[in-house]
Amino acid sequence: YSFLRTNILQWKMIVDNQNSNCQGSEENQESAKTFFLVQTLCSTLKGNDLPVLTITSRTNVQSCLRPHYVFVTARVHPSESNSSWVMKGFIDSLLIKNNDPLKESHRRALLEKYIFKIVPMLNPDGVINGR
């Protein structure tokens, strides 16, 4: 759980840094920016926050059109530690710009087409307590 909280802070810094370094025309700058929002879905019985992440392009947030949503969850059971690594890789691939132009264009296309709602850990109490 603490690793997830650390990753969330790192993702925020990465997105803020990438968004501040966007270059080109004002329209291209806005479309190149990533929207990353962390909210609390609820509190668990033990009082831990259950984070939900929203990832998309800035143009989706400002647009009147409603793109499709993709809802992804992980870590339903505490012993599914491998799912935390898969989820980290998935979120990294959505947030971190790629030096390969083809991979970067695919990443941008996904962000332009979808709004991703991600709950990276559905059972933080079980993960923290080990059951």
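Q: Where do Lys88 and Asp92 lie?
A: Both are in helix H4, 4 residues apart, which is about one turn of the helix. Helices here are DSSP runs of H or I with at least four residues, strands are runs of E with at least two, and both are numbered from the N terminus. This is a predicted model, so local features need pLDDT of at least 70 and side-chain atom pairs count only at pLDDT 80 or more, while totals for chains, interfaces and linings use all residues. Residues are numbered from 1 along each chain as its sequence is written, and side-chain values use heavy atoms, with hydrogens and water left out.

Q: What does Lys88 form with Asp92?
A: A salt bridge, with the closest N and O atoms 2.8 Å apart. The term means a side-chain nitrogen of Lys or Arg within 4 Å of a carboxyl oxygen of Asp or Glu.

Q: Are Lys88 and Asp92 buried or exposed?
A: Lys88 and Asp92 are both buried. Buried is under 20% relative accessible area, exposed is over 50%, and partly exposed is in between (1.4 Å probe, protein chains only).

Q: How many salt bridges are there by this rule?
A: The count is 3. One of them joins Glu104 to Arg107, with the closest N and O atoms 2.8 Å apart. Those two residues sit 3 apart in helix H5 (residues 101-113), and both are buried.

Q: And where do Glu112 and Arg108 lie?
A: In helix H5 as well, 4 residues apart. Glu112 is partly exposed at 32% relative accessible area, whereas Arg108 counts as buried because its relative accessibility is 13%.

Q: Switching to the fold: what pattern does the protein chain follow along the sequence?
A: It goes α-α-β-β-α-β-α-α-β-α, with 6 helices and 4 strands.

Q: In what order do the strands form the sheet?
A: E1-E2-E4-E3, as an open sheet of 4 strands with mixed pairing. Two strands count as paired if DSSP finds at least two bridges between them. From one strand to the next, the twist averages 20°.

Q: How many bridges between E1 and E2?
A: There are 9, in the antiparallel sense. For example, Gln39 has Val52 in E2 as its bridge partner.

Q: What does H1 touch when it packs on the sheet?
A: E1 and E2, with its direction at about 155° to that of E1. H4 lies across E1, E2, E3 and E4, at about 150° to E4. Those angles run from 0 to 180 degrees between N-to-C directions, using lines fitted to C-alpha atoms, for helices over the stretch in contact.

Q: How many residues are in the largest nonpolar core?
A: It has 18, and Trp11, Phe36 and Leu53 are among those with the most contacts inside it. Helix H1 (2-20), strand E2 (49-57), helix H4 (81-95) and strand E4 (114-119) each supply at least two of its residues. Such a core is a set of buried Ala, Val, Leu, Ile, Met, Phe, Trp, Tyr and Cys residues joined through side-chain atoms within 4.5 Å.

Q: Which residues does Leu53 touch?
A: Leaving out residues up to four places away in sequence, its partners include Ile8, Trp11, Phe36, Ile91 and Ile118. A contact means heavy atoms within 4.5 Å.
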